[in-house]
Number of protein chains: 2
Amino acid sequence: MRQIPVIENVLSANDAIALENRERFDRAGVVVVNLMASPGAGKTSLVLRTIEALRPLRVGVVEGDVASRVDADRVAGAGVPVVQINTGGGCHLDAPMLRAAIQELPLAQLDLLLVENVGNLICPAAFRLGEHLQVVIASLPEGDDKPLKYPALFAQADAVVVNKIDLAPHLDFDRQAFRRLVTGLNPRAALFELSCRTGEGLSDWAAWLRRFLNRGTGGVGHVE
Amino acid sequence: MRQIPVIENVLSANDAIALENRERFDRAGVVVVNLMASPGAGKTSLVLRTIEALRPLRVGVVEGDVASRVDADRVAGAGVPVVQINTGGGCHLDAPMLRAAIQELPLAQLDLLLVENVGNLICPAAFRLGEHLQVVIASLPEGDDKPLKYPALFAQADAVVVNKIDLAPHLDFDRQAFRRLVTGLNPRAALFELSCRTGEGLSDWAAWLRRFLNRGTGGVGHVE
């Protein structure tokens, strides 16, 4: 009988590059966060608020968009190193795109690298970038049923941020219902309710991030 | 010299089925609208408001979601025929999915079929379903820069609906800037500003749809 070769645990091309990215981040001592959300949930606003809240820690940013450089321009205004990736129609970032982007960043001088993914609650979930932490940002106007309808990203996130809580008086968003859905999918996820507009709730989010920065990059991880 | 065969205008597998769907819709005399938007922009709310506004015209609905049947349950409450498609992780509807769904609908008894695509501003743009009209729904909380950042869908839509205008006093959305971006990408698109919550602006949208229903399905078209 002919022996059929069985090859196990072969990394996909993307995951192999994600692992290289990760090793590079660890050598540089920078913690990398992949921020994912629907269009308009407030990813760039959270990036700007996080840079501000963590000063004097050194933050770098990678902006992912289908087209345009408006987000990178906003972030550059905050005086931090930023690279814009335009996917040219692509619906998510992948590890090779991030590898190209970090050539342009002074990784060893950074404490934290925030990667703003393309606005999409579905496709980014399937592509590891080499990040240490995955964060999904929801927002009150999107409604409290999003974890039910887009479960993958909520199930795998290390933290769920609910933005735009300043709009609560004008909307029917049920915070308890949302929290139950998230906990049902992902009991270990940290959950933060905040407003990038007013600043409410941002200190808890910043404190959570700071814990990972203080303990270095050894303790957190997605790409095994 | 050997003759190299050149095959032109071969339809992709998806487009071929889209064309079959389209012929089926035309034979049944039903106008089909593909509704596309970010998660939480208000697609299902617009479906419900449209059913109400067009009574006694007969509307059917196909609901597309990654997971869950919450939208179909909401629509079934309005007493119209509805089919839920769960893509099981897929980020858009395609023509074969719609072909399967319409087996379950009394097409010949309908004036209008509303197809609610998966919540995603990117991927649905690339998949024709056989629809007569493509509509993209934006909403005020998403921000006025979305046409710049997700141009494909805005460039090809027959109409752009801006939902949640009741939230205008609480947001910085610049309606003129949004309108300029849409017109720059797509001068022929109809543009409607409305609130599914308050009902404001819905009559113009309903009147626009009604025009296509009155003149039958011959005059409109995407799949050539």
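Visitor: What are the conventions of the model?

Guide: The model is predicted, and local features need pLDDT of at least 70, side-chain atom pairs count only at pLDDT 80 or more, while totals for chains, interfaces and linings use all residues. Residues are numbered from 1 along each chain as its sequence is written, and chains are lettered from A and ligands numbered from 1 in the order in which they are written.

Visitor: What makes up the secondary structure of chain A?

Guide: Chain A has 8 helices and 7 strands. Helices (H or I, at least four residues) and strands (E, at least two) are DSSP runs, numbered from the N terminus.

Visitor: Why does the radius of gyration of chain A agree with that of a compact globule?

Guide: The radius of gyration is taken over C-alpha atoms, and the globule rule is 2.2 Å times the number of residues to the power 0.38. For 224 residues the rule gives a value near 17 Å, and chain A has 18 Å, so the two agree. Along the principal axes, the C-alpha atoms of chain A fill a box of roughly 70 × 45 × 35 Å.

Visitor: Why is strand 4 of chain A called largely enclosed?

Guide: A residue is buried if 20 or more other C-beta atoms lie within 10 Å of its own, exposed if 12 or fewer, and partly exposed in between, with C-beta atoms placed from the backbone. In strand 4 (residues 112-116) of chain A, 5 of the 5 residues are buried, so the strand is largely enclosed by the rest of the structure. Leu112(A), Leu114(A) and Glu116(A) point one way and Leu113(A) and Val115(A) the other, and all are buried. Over chain A, 51% of the 224 residues count as buried.

Visitor: How do you know that strand 4 of chain A pairs with strand 1 of chain A?

Guide: Two strands pair if DSSP finds at least two bridges between them. Strand 1 and strand 4 of chain A have 5 bridges and pair in the parallel sense; Val33(A), for instance, has Leu114(A) as its bridge partner in strand 4 of chain A. Strand 2 (residues 59-65) of chain A is also joined to strand 4 of chain A by 5 bridges, running parallel, and there Val59(A) has Leu112(A) as its bridge partner.

Visitor: What makes strand 5 of chain A mostly covered, and which strands does it join?

Guide: In strand 5 (residues 133-139) of chain A, 7 of its 7 residues are buried. Leu133(A), Val135(A), Ile137(A) and Ser139(A) point one way, Gln134(A), Val136(A) and Ala138(A) the other way. Strand 1 (residues 31-37) of chain A runs parallel to strand 5 of chain A and is joined to it by 5 bridges, with Ala37(A) opposite Ile137(A). Strand 6 (residues 159-163) of chain A is likewise parallel to strand 5 of chain A, through 5 bridges, and Ser139(A) stands opposite Asn163(A).

Visitor: How do you know that the span of helix 2 of chain B agrees with expectation?

Guide: The expected span of a helix is 1.5 Å times one less than its number of residues. Helix 2 (residues 43-54) of chain B has 12 residues and should span 16 Å; its end C-alpha atoms are 16 Å apart, so the span agrees. Among its buried residues are Leu46(B), Val47(B) and Ile51(B).

Visitor: Why are the copies said to meet through the same surface?

Guide: Two residues are in contact if their C-beta atoms, placed from the backbone, lie within 7 Å. In these terms, 29 residues of chain B are in contact with 29 residues of chain A. The largest share of that side of chain B, 3 residues, comes from helix 5 of chain B. Because 100% of the interface residues of chain B are also interface residues in chain A, the copies meet through the same surface.

Visitor: What makes the relation between the copies that of a two-fold rotation axis?

Guide: Copies are superposed by least squares on the C-alpha atoms of residues with pLDDT of at least 70 in both. A rotation of 180 degrees with 0.0 Å of shift along its axis superposes chain B on chain A, with RMSD 0.0 Å. The two copies are therefore related as by a two-fold rotation axis.
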